[in-house]
Amino acid sequence: MSLYQYFTSKGPSGFGYGSTAEEVTQGLSLEGKTYLVTGCNSGLGQEALRVLALRGARVVGTARTVEKAKEACDAVKGSTVPLACELSDPKSVRACVEEVKRQGLELDGLICNAGIMALPKLEKAFGYELQFFTNHIGHFILVTGLLEQLTDTGRVVMLSSGAHSMAPKEGIQFDNLSGEKGYSGWRNYGQSKLANLLFAKELARRFAGTNKTANAVHPGVIRTKLGRHMNSVAGFFFGLFGPVWLKDVPQGAATEVFVATHPSVKDTSGKYFADCNVAPSRKDADDPELAKKLWEVSEKIVSELPGQ
Ligand SMILES: NC(=O)c1ccc[n+]([C@@H]2O[C@H](COP(=O)([O-])OP(=O)(O)OC[C@H]3O[C@@H](n4cnc5c(N)ncnc54)[C@H](OP(=O)(O)O)[C@@H]3O)[C@@H](O)[C@H]2O)c1
């Protein structure tokens, strides 16, 4: 397949690498539906917020602070609800959960989009490596806290990444969740993204017998603020060649928006999507024992956090 064919081809869903969030929702009315998007103030989350609202949905846009969420929500046309949700602060995540409940918001979709990537030095929150804590534990608290707010056909979409394949060979280093026994920005990012994928699959197993779904997505490689921690050489090449071989933001947001809204995937659960189609993931992402263990360890971590 030539590069041109790769960039323009469509998969079984009718969409592909070059599809945009607007294209995958073309003709869809999301009137009467409510979606929550984390990280709504930047990159893919900002575009997901815009396009979901454009199609008539009410969108709960969360960001680290309510000011950031408000600014992002004010910038789009449509119905939005700005909320603070700082994922590395359980108190903030729990307050977000409580506010969604207080407002009686029933969610047709929960798009766990926010994330940090490749922190050059080990940083921690509550004793846990920060990418694992932010990308996985923060979203674990949010999603498990909001399960009752999901509609009967509610969809949970976890932003994973092709970089989940960079996770340690044992999958999740349960004996090194602090990062103190060894840390690499990319490997630990990979671990956090494998955790997002395992969480989606375990949640899908727990949803079995219902009409709710949980899936994970790789959005593609897109030049957003996510690369802020990349070193200057990598950043230089990213900047130089990015416009040629990377997806743009509307294309990058397509897969998460597609999985959250498209009627053709209403019954698809426990899958990993890339370019708006089901895609293969690392083998151990399909290991139910690993996923179950991650869930149980996450529950224990959360139960031991201050304020429980
Ligand atoms: N871009 C890519 O090539 C790519 C590839 C694979 C997967 N992904 C995944 O796609 C998702 C979106 O990334 P993006 O490219 O759109 O990146 P981005 O432009 O950097 O946006 C990330 C969003 O997450 C928010 N965020 C970061 N830490 C947070 C925290 N502790 N609490 C709450 N929100 C937090 C950011 O808020 P602030 O602006 O306030 O920091 C921002 O709104 C991420 O999960 C990423 O792992 C992206």
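Does Leu28 count as buried, exposed or partly exposed, and how many C-beta neighbours does Leu28 have inside 10 Å? Leu28 counts as partly exposed, because 16 C-beta neighbours lie inside 10 Å. The terms are defined by counting: a residue is buried if 20 or more other C-beta atoms lie within 10 Å of its own, exposed if 12 or fewer, and partly exposed in between, with C-beta atoms placed from the backbone.

Good morning. The structure shown is a predicted model, in which local features need pLDDT of at least 70 and side-chain atom pairs count only at pLDDT 80 or more, while totals for chains, interfaces and linings use all residues. Residues are numbered from 1 along each chain as its sequence is written.

Let us stay with Leu28 for a moment. Leu28 sits in the loop between helix 2 (21-24) and strand 1 (34-38). Helices (H or I, at least four residues) and strands (E, at least two) are DSSP runs, numbered from the N terminus. Apart from residues up to four places away in sequence, Leu28 touches Arg55 and Thr261; contact here requires C-beta atoms, placed from the backbone, to lie within 7 Å. Leu28 and Thr261 are 233 residues apart along the chain, yet 8.5 Å separates their C-alpha atoms.

I turn now to the chain as a whole. The chain contains 11 helices and 10 strands. Its C-alpha atoms fill a box of roughly 50 × 50 × 40 Å along the principal axes. Of the 308 residues, 48% count as buried. Among contacts between residues at least 6 apart in sequence, 73% join residues at least 24 apart.

The largest nonpolar core has 78 residues, and Ala48, Leu52 and Val257 have the most contacts inside it. Such a core is a set of buried Ala, Val, Leu, Ile, Met, Phe, Trp, Tyr and Cys residues joined through C-beta atoms within 7 Å. Helix 6 (residues 130-146) supplies the largest share of this core, 9 residues. As for Ala48, its contacts beyond four places in sequence include Ala21, Val37, Ile111 and Val257.

Leu130 also belongs to helix 6. With 20 C-beta neighbours inside 10 Å, Leu130 counts as buried. Beyond four places in sequence, Leu130 touches Ser88, Leu119, Glu123, Lys124 and Ala125.

Which residues of helix 4 (residues 66-74) are buried? They are Ala69, Ala72 and Cys73. These three lie on the same side of helix 4, because they cover an arc of only 95° around the axis; the arc is that of the directions from the helix axis to the C-beta atoms. On the other side of helix 4, Glu67 and Asp74 are exposed. The buried residues pack against helix 3, strand 2 (58-63) and strand 3 (79-84).

Helix 3 leads us to the ligand. Helix 3 (residues 43-54) gives the shell around the ligand its largest share, 3 residues. Of the 28 residues around the ligand, Gly39, Gly43, Ala114, Gly115 and Leu226 come nearest; a residue belongs here if its C-beta atom, placed from the backbone, lies within 6 Å of the ligand. The shell divides into 12 nonpolar, 12 polar and 4 charged residues. Ala, Val, Leu, Ile, Met, Phe, Trp, Tyr, Cys and Pro count as nonpolar, Asp, Glu, Lys and Arg as charged, and the others, Gly among them, as polar.

Finally, two points of backbone geometry. Most residues other than glycine have a negative phi. Phe126, however, has a positive phi near 55°, and Cys276 has a positive phi near 65°. Phe126 lies in the loop between strand 5 (124-125) and strand 6 (128-129), and Cys276 in the loop between strand 9 (272-274) and strand 10 (277-278). Phe126 is partly exposed, with 16 other C-beta atoms within 10 Å, whereas Cys276 counts as buried, with 30 C-beta neighbours inside 10 Å.

Phe126 is also a contact of Leu305, as is Pro90. Leu305 lies in the segment after helix 11 (288-303). Leu305 and Pro90 are 215 residues apart in sequence and 7.8 Å apart in space, C-alpha to C-alpha. Thank you for your attention.

Note on methods. Contact = placed C-beta atoms within 7 Å.
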